[in-house]
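User: I would like to learn how to read the features of a model such as this one. Please give the general idea each time, then the case at hand.

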Amino acid sequence: MRTVLWNSAGILDSTGKTLVSTIAQGHDITERKKAEEKVKRSEQHLRYLLGMHRMLEEAEQDLVHYILEAGIKVTNSEFAFWAKVDVEGRVMNVNAWSKGVMAACDLPQKTHEFRLDEIRLLCESVRRKEPMIVNRYQLDDIEKSGTPEGHDPISRFLSVPVLINNKVVAIGAVANKAEEYDETDIASMTSLLREMWNILELKETRQQLINSEEQYRLLFQNMNAGFLLVEAFVDDKGEVSDMIIVAANEKFTTLPNKTLEEIIGRPITQILTGINQDSVDWIGMFSKVARTGESIITEEYSSNLNTYFSIAAYQ
């Protein structure tokens with residue numbers, strides 16, 4: 001289909017009142033319109049990339065649906081889907097369909113598991129480890145075995161895998177573009193899917209860190225031994241003269257008989273009064289660890305607290 005811009009003008013008779021003929025001139029502006037559309041989609045693509053980074057705190061499913069709708073817009077498609085591939089590369093789990101798929105197809109709104117040897121059309125680029133375009137689904141000689149039962153008919157199709165260390169970890173696809181898919185569509189989808197995967201990995205890393213910190217906090221608070229995290233306070237002479245308590249657990253609070261709120265942020269000499277006159281050189285011991293980085297494991301008797309301590313100090 002071509003786009004033509006027409007200019008026309010009427011020719012009047014000598015009286016200037018009666019139209020006697022018309023002249024018209026047409027210009028083929030198809031390429032210009034294609035260039036304008038390409039620029040428009042490029043701008044859309046950039047907006048979606050920026051919008052994606054604002055969704056770091058959103059749920060994974062919301063982020064995936066955002067990218068599917070973005071893929072539909074920038075490629076001018078009807079449908080899209082996103083799937084993760086198992087470590088063996090044999091099964092893919094379709095985690096999300098675009099809204100258009102769910103409206104047009106008789107598919108349950110759950111995660112779908114497909115074997116790669118059953119739905120070749122959807123999974124061919126997983127096997128090839130490269131994007132795949134099918135612009136004439138009924139005519140192209142491709143290795144395919146149809147679409148999932150209940151899926152809307154496919155006319156054109158573009159699938160793009162996400163590769164990590166040369167292994168396909170996920171795949172995204174769009175379908176039924178009015179015109180043929182091309183390299184521009186591949187570039188747009190590759191960029192969107194790769195950036196989404198980076199954000200999903202970042203979200204997973206952050207969640208693992210949160211879980212790890214929570215496990216550490218529970219261990220820290222429930223351990224039977226008193227635990228103290230201190231920061232060396234250095235005087236004008238460059239000597240360690242005190243230790244500021246940065247963190248402590250509940251077990252430690254039984255020594256000074258104070259709450260955590262009364263302990264945190266205070267010098268240890270104010271919490272354990274008389275510590276400078278104790279038989280144990282607490283400041284000297286902790287400052288040595290802070291200065292040299294060498295751990296100390298020892299057993300000491302505190303005359304001030306009238307208690308034997310098993311001490312492990314490390315940086």
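User: How many residues lie between β7 and β8 in their hairpin, and which residue in the turn has a positive phi?

Analyst: Some ground rules come before the answer. This is a predicted model, so local features need pLDDT of at least 70 and side-chain atom pairs count only at pLDDT 80 or more, while totals for chains, interfaces and linings use all residues. Residues are numbered from 1 along each chain as its sequence is written, and side-chain values use heavy atoms, with hydrogens and water left out. Helices (H or I, at least four residues) and strands (E, at least two) are DSSP runs, numbered from the N terminus. In the hairpin of β7 and β8, 2 residues lie between the strands, and N165 in the turn has a positive phi of about 55 degrees. N165 is a residue other than glycine.

User: Is N165 buried or exposed?

Analyst: Buried means under 20% relative accessible area, exposed over 50%, and partly exposed in between (1.4 Å probe, protein chains only). N165 has a relative accessible area of 74%, so it is exposed.

User: Where else is there a positive phi in a residue that is not a glycine?

Analyst: N257 is such a case, with phi of about 60 degrees. N257 sits in the loop between β10 (240-248) and α6 (260-263). Its relative accessibility of 69% makes N257 exposed.

User: Which strands are joined to β7 by bridges?

Analyst: The general rule is that two strands pair if DSSP finds at least two bridges between them. Strand β6 (residues 132-134) is joined to β7 by 3 bridges, and the two run antiparallel. One of the contacts sets V134 against its bridge partner F157 in β7.

User: Why is strand β7 described as largely enclosed by the rest of the structure?

Analyst: In a regular strand the side chains alternate between the two faces of the sheet. For strand β7 (residues 157-164), 6 of the 8 residues are buried, so the strand is largely enclosed by the rest of the structure.

User: How many salt bridges does the structure hold?

Analyst: A salt bridge is a side-chain nitrogen of Lys or Arg within 4 Å of a carboxyl oxygen of Asp or Glu. The structure holds 3 of them. In one, R206 and E57 bring their closest N and O atoms to 3.0 Å. R206 lies in helix α5 (residues 183-222) and E57 in the loop between α1 (30-53) and α2 (60-75), so this pair ties together parts that are 149 residues apart in sequence. R206 is partly exposed at 35% relative accessible area, and E57 is exposed at 62%.

User: Which parts of the chain does the salt bridge of E60 and K84 link?

Analyst: E60 and K84 form a salt bridge with closest N and O atoms 3.0 Å apart. The bridge links distant parts of the chain, with E60 in helix α2 and K84 in strand β3 (residues 79-85), 24 residues apart. E60 is partly exposed at 34% relative accessibility, and K84 is partly exposed at 28%.

User: Are K177 and D185 buried or exposed?

Analyst: K177 is buried at 4% relative accessibility, and D185 is buried at 2%. Their side chains meet in a salt bridge with an N to O distance of 2.7 Å.

User: How many aromatic pairs does the structure hold?

Analyst: Rings of Phe, Tyr and Trp (its six-membered ring) pair if their centres lie within 6.5 Å; planes under 30 degrees apart count as stacked, over 60 as edge-to-face and the rest as tilted. The structure holds 4 aromatic pairs. Among them, W282 and F309 are edge-to-face, at 5.6 Å centre to centre and 85 degrees between the planes. This pair links distant parts of the chain: W282 is in helix α8 (residues 282-292) and F309 in strand β12 (residues 307-313), 27 residues apart. W282 is buried at 10% relative accessible area, as is F309 at 16%. Ring pairs also link W282, F286 and F309 into a cluster.
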